[in-house]
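Dear colleague,

I am passing on the structure we spoke about, with some notes on what turned up in it. Please have it open while you read.

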Amino acid sequence: LSVIMGPCTAGGAYIPAISDESIIVESQGTIFLAGPPLVKAATGEVVSAEELGGGRMHSSVSGVTDYLAVDDAHALVLARRCVGNLGLNITSEAQASSGRGEEEVKEPLYDPEELGGIVGTNLRQHIEAREIIARIVDGSEFAEFKNEYGETLVTGFACIHGYQVGIVANNGILFSESALKGAHFIQLCAQRNIPLLFLQNISGFMVGAEAERGGIAKNGAKLVTAVACAEVPKFTVVVGGSFGAGNYGMW
């Protein structure tokens with residue numbers, strides 16, 4: 001777990017990159033192999049530190065970091081939440097026979113009876129995944145993972161009736177970024193022995209020349225492989241359509 005509150009340059013840039021989860025402070029933390037002066041000297045390119053390796057760029061474009069904090073205090077809050085989602089207090093025995101009492105289970109803040117209206121019957125209509133999640137998880141509390149990267153796949157940790165789960169939900173067509181994000185998250189859950197809940201509404205992976213040049217076949221295979229190799233309980237709920245090869249990565 002890495003929290004980037006300042007510059008991480010050259011060899012220091014590898015530390016957050018190899019971490020399971022990374023948090024970066026916006027307009028303050030940076031990650032790059034070479035800073036703007038060296039980049040200008042080596043290539044002639046003139047670029048600011050924020051454009052080169054700032055928090056916004058790494059959280060939404062490169063995917064090097066997983067959470068974007070507004071300041072140091074927020075970064076520490078996110079770090080505490082990440083530690084809470086490590087699954088350190090979860091054993092196979094605890095998952096099989098949870099000792100949690102009914103009084104500890106929070107009802108969703110949003111009414112589950114509204115799910116019928118949100119999902120509907122028109123498979124051509126987009127279904128907002130977060131609206132579904134808010135109505136099925138305890139207290140409507142959802143610790144979203146990489147929320148600004150690969151936005152057509154929603155991933156994060158939550159509890160359902162007291163049991164911790166990792167949620168993978170479709171929010172559109174799967175692009176390379178979405179597939180890489182999903183594979184990363186699934187591997188985290190498998191590593192921590194956290195069950196997976198798939199909310200499937202998928203028409204498939206993106207197709208076309210640009211998608212192929214971006215490695216959609218290889219990146220999609222990484223998602224499928226992560227799902228196949230995750231030795232944790234998996235539950236799939238089809239909330240819309242399930243078409244194309246994309247459903248291989250959502251089981």
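The notes below go from the overall fold to a group of aromatic rings.

Please bear in mind throughout that this is a predicted model. The protein chain contains 11 helices and 10 strands, and its C-alpha trace spans about 60 × 45 × 30 Å along the principal axes. The radius of gyration is 19 Å, which agrees with the value near 18 Å that a compact globule of 251 residues would have. Of these 251 residues, 45% count as buried, and among contacts with a separation of 6 or more, 65% are between residues 24 or more positions apart. The chain exposes about 12600 Å², of which carbon and sulfur atoms supply 57%. As for charge, there are 16 positive and 28 negative side chains, with the centres of the two sets 6 Å apart.

The search of the whole structure for aromatic pairs found three. One of them joins F145 and F185, a tilted pair with 5.6 Å from centre to centre and 40° between the planes. This pair links distant parts of the chain, since F145 belongs to strand 6 (residues 143-145) and F185 to helix 9 (residues 176-192), 40 residues apart. F145 counts as buried because its relative accessibility is 0%, and F185 is buried as well, with a relative accessible area of 0%. F185 also pairs with F157, where the ring centres are 5.0 Å apart and the planes stand at 55°, so this pair is tilted. Because F157 lies in strand 7 (residues 153-160) and F185 in helix 9, the pair ties together parts that are 28 residues apart in sequence. F157, at 2% relative accessibility, counts as buried. Together with Y67, the residues F145, F157 and F185 form one aromatic cluster.

Technical notes. Residues numbered from 1 in each chain as written. Predicted model: local features only at pLDDT ≥ 70, side-chain atom pairs only at ≥ 80, totals over all residues. Heavy atoms only, no water. Helix = DSSP H or I, 4+ residues; strand = E, 2+ residues; numbered from the N terminus. Rg over C-alpha atoms; globule rule 2.2 N^0.38 Å. Buried < 20%, exposed > 50% of the residue type's maximum accessible area, 1.4 Å probe, protein only. Contact = heavy atoms within 4.5 Å. Areas by Shrake-Rupley, 256 points an atom, 1.4 Å probe, with all protein chains shown as cover. Lys, Arg positive; Asp, Glu negative; His and termini not counted. Charge placed at Lys NZ, Arg CZ, Asp CG, Glu CD. Phe/Tyr/Trp six-rings, centres within 6.5 Å; stacked < 30°, edge-to-face > 60°.
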